[in-house]
Amino acid sequence: RDATELDLNMHDGSGAYAWLARNGTRFGFLQRYSWEPWHWGYLPGCGAAPAASARRGPAAARAAETETGASLSALPAWVPPRYRQTIVAAASANGIAPALLAALLRAESGFDPRAVSPAGAQGIAQLMPATARGMGLGEPFDPDRAIPAAARLLGGHLRAFGSVPLALAAYNAGPGAVRRYGGVPPYRETQAYVARIMALA
């Protein structure tokens, strides 16, 4: 549950490495460095997005529908019905667990699309205006656009840092702070934020 790395060091691992290169992303693995064929990171919630699976044919589309239904039913009961489908689709498209994205939105705004923080963060995903613009989000108060933007941002942090707690810390305090401290920054707010979302997820 908490692991982020898969290392396969073998004397003759060419077959396994080639298989991973073809299939790794289907199971949530991402090759960290092109020059290390044995080193793969694990990104919970990864895999083909339902829309991508549908393009591979009827059988894949049925499997994707089943997977989407399972993801919807796996979301906690506290996720409002209005946002469940959007959360699952956005999370799946960005390689993160739907429950993690739902937990982030609950912690950020309590699912209030009109929320504004004292610091100026806006909408259901509580994005600062500059961050929203950087994510291509012109209307942060539109949850159908803000939720996918939050998933893109969190997914980018997850790929950059290879760890859910660090990705959450970067969402809250900024990636610069995570790099500066080499981990979750020693800010009481950020530490409580990460702990709360991990517990909710």
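Begin with helices α5 and α10, whose crossing is right-handed (the near helix is turned clockwise from the far one by less than a right angle; the left-handed case is anticlockwise). The model is a predicted one, in which local features need pLDDT of at least 70 and side-chain atom pairs count only at pLDDT 80 or more, while totals for chains, interfaces and linings use all residues. Residues are numbered from 1 along each chain as its sequence is written, and side-chain values use heavy atoms, with hydrogens and water left out.

Next, display the side chains in the contact (heavy atoms within 4.5 Å): Leu100, Ala103, Leu104, Arg106, Ala107 and Glu108 of α5, and Tyr193, Arg196, Ile197 and Leu200 of α10. Coloured by class, this contact of α5 with α10 shows 7 nonpolar, no polar and 3 charged residues (nonpolar: Ala, Val, Leu, Ile, Met, Phe, Trp, Tyr, Cys and Pro; charged: Asp, Glu, Lys and Arg; polar: the others, Gly among them).

For the geometry, select residues 98–109 for α5; the axes of α5 and α10 come within 8 Å and cross at roughly 130° (axes are lines fitted to C-alpha atoms, for helices over the stretch in contact, with angles from 0 to 180 degrees between N-to-C directions).

The crossing of α8 and α10 is right-handed. On the α8 side, select Val164, Pro165, Leu168, Ala169, Tyr171, Asn172 and Ala173; on α10, select Glu189, Thr190, Tyr193, Val194, Ile197 and Met198. The residues of this contact of α8 with α10 comprise 10 nonpolar, 2 polar and 1 charged.

Technical notes
Helices (H or I, at least four residues) and strands (E, at least two) are DSSP runs, numbered from the N terminus.
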